[in-house]
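Let's take a walk through this protein together, with the sequence and the 3D view open side by side.

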Amino acid sequence: METLKTILYFSIFRYPLKLEEIHSYTNYEHLSDTENELTHLIHEKILTKVDDFYVYGSDLDSVIKRLRGNLYADRALKKARKKARFIAKFPFVKAVGVSGSLSKGYYDSGSDIDFFVITQPGKLWLCRTFLMLYKKIFLLNSRKYFCINYFVAANQLEIEEKNRFTATEMKTLIPMQGKAVFEDFFRKNLWVNDYFNKFEPNLSAVPNTKKPFFTKSVEFAFSNPIGNGVDLVFKRITIHKWKAKFRFMNDEDFKIALKSTRNISKHHPSHFQKKVILALNTKIEEVSDNYNINLAKEHV
């Protein structure tokens, strides 16, 4: 029942999928296999088909919600591409991509544009600080079109948390700058094929980053032991601030949601990953109780 788990996952976001989309999240070779399974689920009244969309339960309004979100996403993507080009000009940025709801083709008034940034090794916290200072000073700390909450260094590209949530984020990530770096990034994360064997990122239209003279000068100025020391200082300051601000979090959640190492910086205080996995497991239990269909639960 690979199709059902996919539909349950996206139903958390009230985002119904089409046949080809569902198929891309399965390990079935033929589209007909996916279609046959969906037909069975409709016959059992577990799913409802609305136009081209497959809906779990009776949430028929989710189709209208998705169509509206798709329309707004087209406009938001244009802004995201401009912002990505701008972010790529910052010191020590090696690649920029878009994640979150926009990467899945959805955007509404409550959405942010989430950016995923790959940095030069040993300069992640310097890079992050430059970008955060720009956001605080020039954008008055607004994150609406400039939400940068996940950084990894180019020498540690393999994502450590391997689950359905991170696999989905990897599959839907939209690379925008840094083609060569993203090629390496996806090679290091072929574990996604364990979840979706049709994981085939298209990087044909992604340019490599180009730095202006000023940026190159800043990079040169910090490419020495002093720069390495400043990077570590910014890391310590940020972690100290987060531990004070999010002291209500237990150590286990902090280590995942606010992971802070030399080569990784995550700022997900709501621990959205855990919330999504728990919500999915609740739906899996619901299907088991109501329809006697047993699906394996997911882990955080």
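Is Lys274 buried or partly exposed? With a relative accessible area of 27%, Lys274 is partly exposed, because that class covers values between 20% and 50%. Please keep in mind throughout that you are looking at a predicted model.

Lys274 has a partner: its side chain meets that of Asp253 in a salt bridge, at 3.3 Å from N to O. Asp253 belongs to helix H11 (residues 251-257) and Lys274 to helix H12, so this pair ties together parts of the chain that are 21 residues apart in sequence.

Glu285 forms a salt bridge with Lys297, and the closest N and O atoms are 2.3 Å apart. Glu285 sits in H12 while Lys297 is found in the segment after H12, so parts 12 residues apart in sequence are tied together here. Glu285 counts as partly exposed at 37% relative accessibility, and Lys297 also counts as partly exposed, at 48%.

How many salt bridges does a search of the whole structure find? The total is 16. One of them pairs the side chains of Arg164 and Glu298, at 3.1 Å from N to O. This pair links distant parts of the chain, with Arg164 in helix H7 (residues 164-172) and Glu298 in the segment after helix H12 (272-291), 134 residues apart. Both of these residues are buried.

Now turn to the strands. Strand S5 (residues 114-119) is mostly covered, with six of its six residues buried. The cover is on both faces: Asp114, Phe116 and Ile118 are buried on one side, and Phe115, Val117 and Thr119 on the other. S5 is joined by six bridges to strand S4 (residues 93-99), and the two run antiparallel; here Val93 stands opposite Thr119. Another six bridges join S5 to strand S6 (residues 147-153), this time in parallel, with Val117 opposite Phe151.

A further sheet is open and has three strands in the order S1-S3-S2, with antiparallel pairing. Strand S1 (17-18) and strand S2 (47-50) stand at its edges with a single partner strand each, so one side of each is left without a neighbour in the sheet. Four bridges join S2 to strand S3 (residues 53-56), and Tyr54 in S3 is the bridge partner of Lys49.

Strand S7 (residues 174-177) holds Met176, which is buried at a relative accessible area of 5%. Although Met176 and Ala84 are 92 residues apart in sequence, their C-alpha atoms are 6.4 Å apart in space.

Arg75, Lys78, Arg81, Lys82, Arg85, Lys89 and Lys210 form a positive patch. Among them, Lys89 lies in the loop between helix H4 (61-88) and S4 and is partly exposed, at 41% relative accessibility. A patch of negative charge gathers Glu20, Glu35, Asp51 and Asp52. Glu35 is part of helix H3 (residues 31-43) and is partly exposed, with a relative accessible area of 36%.

Definitions and conventions: Residues numbered from 1 in each chain as written. Predicted model: local features only at pLDDT ≥ 70, side-chain atom pairs only at ≥ 80, totals over all residues. Heavy atoms only, no water. Patch = residues over 30% accessible without salt bridge, like charges linked within 9 Å, V, L, I, M, F, W, Y side chains within 5 Å. Areas by Shrake-Rupley, 256 points an atom, 1.4 Å probe, with all protein chains shown as cover. Salt bridge = Lys/Arg side-chain N within 4 Å of Asp/Glu carboxyl O. Lys, Arg positive; Asp, Glu negative; His and termini not counted. Charge placed at Lys NZ, Arg CZ, Asp CG, Glu CD. Buried < 20%, exposed > 50% of the residue type's maximum accessible area, 1.4 Å probe, protein only. Pairing = 2+ DSSP bridges.
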